[in-house]
Amino acid sequence: MKNITLIGMPGSGKSTIGVLLAKSLGFGFIDTDLVIQQQQGVLLQQVLDRVGTEAFLDLEADAIAGVVCDRCVIAPGGSVVCREKGIRHLKDISTVVYLDIPCGVLEQRIQNMGSRGIAFQPGETLADVYRYRAPLYRRYADLIVDGDQRSLEASLSAVLQALIGV
Ligand SMILES: Nc1ncnc2c1ncn2[C@@H]1O[C@H](COP(=O)(O)OP(=O)(O)O)[C@@H](O)[C@H]1O
Ligand SMILES: O=C(O)C1=C[C@@H](OP(=O)(O)O)[C@@H](O)[C@H](O)C1
Ligand SMILES: [Mg+2]
């Protein structure tokens with residue numbers, strides 16, 4: 001099996017499920033948010049505040065396009081689909097799985113909306129971001145998984161089930 005990338009909205013579980021998935025497959029794990037934080041030397045929200053959303057999306061795409069790995073689970077930021085450069089690279093090197101979750105569930109899950117580093121355009125709400133991105137996640141996905149499961153274990157099982165035969 002080649003690399004696996006989890007895409008989806010912030011709070012959909014890419015980072016949390018990603019590390020569990022890697023562990024259960026014996027794969028490595030790369031969270032590109034952590035790669036960017038290490039490259040920049042500050043937290044994601046600080047990068048966003050410093051450079052603004054558009055420059056952040058460019059910088060994120062460059063970081064993602066630089067990912068080189070084998071037998072890894074990759075958890076990019078939810079904004080990966082905002083730049084062709086990053087998502088195209090992930091399509092080239094991995095099977096892309098979309099964790100599909102209703103916006104209302106995300107609003108309940110995300111406690112730190114203003115500080116967790118979401119690439120909002122001025123005045124945007126999470127619902128605006130969801131409306132814009134949902135078709136993009138579907139366009140780039142190889143597989144779509146219902147991520148609105150009752151537990152982390154159930155979400156992990158749903159992803160593993162979808163990957164059977166890949
Ligand atoms: N069934 C579930 N599947 C995935 N995550 C869940 C689930 N239920 C609650 N959560 C919580 O939702 C949050 C998902 O956050 P995270 O993994 O950082 O998402 P992302 O990387 O997609 O932004 C975590 O706090 C996780 O514990
Ligand atoms: O969806 C977004 O706009 C973002 C989500 C964040 O990652 P998570 O999706 O892991 O929260 C982070 O990469 C970035 O600051 C922007
Ligand atoms: Mg994450």
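Helices (H or I, at least four residues) and strands (E, at least two) are DSSP runs, numbered from the N terminus. The model is a predicted one, in which local features need pLDDT of at least 70 and side-chain atom pairs count only at pLDDT 80 or more, while totals for chains, interfaces and linings use all residues. Residues are numbered from 1 along each chain as its sequence is written, and chains are lettered from A and ligands numbered from 1 in the order in which they are written.

**Gly11**

- Gly11 lies in the loop between E1 and H1.
- Gly11 counts as buried because it has 25 C-beta neighbours inside 10 Å. A residue is buried if 20 or more other C-beta atoms lie within 10 Å of its own, exposed if 12 or fewer, and partly exposed in between, with C-beta atoms placed from the backbone.
- Apart from its neighbours within four places in sequence, Gly11 is in contact with Leu106, Arg109 and Ile110. Two residues are in contact if their C-beta atoms, placed from the backbone, lie within 7 Å.
- From C-alpha to C-alpha, Gly11 and Gly28 are 21 Å apart in space, and they are 17 residues apart in sequence.

**The sheet**

- The strand order in an open sheet of 5 strands is E2-E3-E1-E4-E5, with parallel pairing. Strand E2 (28-31) and strand E5 (143-146) are at the edges and have a single partner strand each, so one side of each is left without a neighbour in the sheet.
- On average, neighbouring strands of this sheet are turned by 25° against each other, direction ignored. Axes are lines fitted to C-alpha atoms, for helices over the stretch in contact, and angles run from 0 to 180 degrees between N-to-C directions.
- Two strands pair if DSSP finds at least two bridges between them. Strand E1 (residues 3-7) is paired with strand E4 (residues 94-100) in the parallel sense over 5 bridges.
- Leu6 has Val97 in E4 as its bridge partner, and Ile4 has Thr95 in E4.
- E4 and E5 run parallel and are joined by 4 bridges. Asp100 is opposite Asp146 in E5.
- Of the 7 residues of E4, 5 are buried, and the strand is mostly covered.

**Helices H2 and H4**

- Helix H2 (residues 32-40) and helix H4 (residues 53-65) have axes that come within 10 Å and cross at roughly 110°. H2 and H4 are therefore roughly perpendicular to each other, a term for angles of 65 to 115 degrees, where under 35 counts as roughly parallel, over 145 as roughly antiparallel and the rest as oblique.
- H2 contributes Thr32, Val35, Ile36 and Gln39 to the contact, and H4 contributes Glu60, Ala63 and Ile64.
- The residues of this contact comprise 4 nonpolar, 2 polar and 1 charged. Ala, Val, Leu, Ile, Met, Phe, Trp, Tyr, Cys and Pro count as nonpolar, Asp, Glu, Lys and Arg as charged, and the others, Gly among them, as polar.

**The ligands**

- Ligand 1 is surrounded by 17 residues, and the closest are Gly13, Lys14, Ser15, Thr16 and Ser155. A residue is near a molecule or strand if its C-beta atom, placed from the backbone, lies within 6 Å of it.
- The shell around ligand 1 takes at least two residues from each of helix H1 (14-25) and H8, and H1 gives the largest share, 4 residues.
- By type, the shell around ligand 1 holds 4 nonpolar, 11 polar and 2 charged residues.
- Among the residues around ligand 2 are Pro10, Asp33, Leu44 and Arg116. The shell around ligand 2 holds 4 nonpolar, 5 polar and 3 charged residues.
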